[in-house]
Amino acid sequence: MERPATPTCRVLRPGRDSYAGRQGFTYTAGVSTETVGARGICMHLLTLQPGERARAHLHANHETAIYALEGESEMWYGDRLEQHAVVRAGEMVYIPAGVPHLPANRSGAPCTVVIARTDPNEQESVVLLPELDGLVPR
């Protein structure tokens, strides 16, 4: 998508464009610097298929808010991914900047979430943490 020259309101119809995130998921492009010229927020959709999981990572300089539309996923978080949470449809998750985490869908059905971040770029400030990947069972 081309970035608009003059700021204006835009309606996006997800499903046409996607991008591969460094953490291992394919995201449906939404509101971002790249698509609409956003300056302080990025929001997009992600569907985690059964068995799919991210690489362990953190977002160095921004916060993340997630709303689960359907399904169920899990997240391990903390310095050594020692904390665990299950997120179900209708629930929200907050991830502070700098907190290591690893989301996964170990259920038998897809899980779709809306993700909003305080970094407007699609390829946000992801720091991969390969030394933590093996701490979460596949």
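**Salt bridges and a surface patch**

Okay, let's start with E72, which is partly exposed at a relative accessible area of 30%. On that scale, buried is under 20%, exposed is over 50%, and partly exposed is in between, using a 1.4 Å probe and protein chains only.

Before going on, remember that this is a predicted model, where local features need pLDDT of at least 70, side-chain atom pairs count only at pLDDT 80 or more, and totals for chains, interfaces and linings use all residues. Residues are numbered from 1 along each chain as its sequence is written, and side-chain values use heavy atoms, leaving out hydrogens and water.

So, how many salt bridges does a search of the whole structure find? Two. By salt bridge I mean a side-chain nitrogen of Lys or Arg within 4 Å of a carboxyl oxygen of Asp or Glu.

One of them joins R88 to E72, and the closest N and O atoms are 3.2 Å apart. That pair links distant parts of the chain, 16 residues apart: R88 sits in strand β7 (residues 83-88) and E72 in strand β6 (residues 72-77). Strands here are DSSP runs of E with at least two residues, helices are H or I runs with at least four, and both are numbered from the N terminus. R88 is partly exposed too, with 41% relative accessibility.

Then there's E74 with R106, where the closest N and O atoms are 2.9 Å apart. Buried or exposed, what is E74? Buried, with a relative accessible area of 10%, whereas R106 is partly exposed at 46%.

Now for the surface. Y67, L69 and M92 form a nonpolar patch there, with about 330 Å² of accessible area together. Those areas come from the Shrake-Rupley method with a 1.4 Å probe, and for residues only the protein chains shown count as cover. Patch residues have over 30% relative accessible area and no salt bridge; like charges are joined within 9 Å, and nonpolar side chains (Val, Leu, Ile, Met, Phe, Trp, Tyr) within 5 Å. L69 belongs to strand β5 (residues 64-70) and is partly exposed, at 42%.

Last stop: T35, in helix α1 (residues 33-36).
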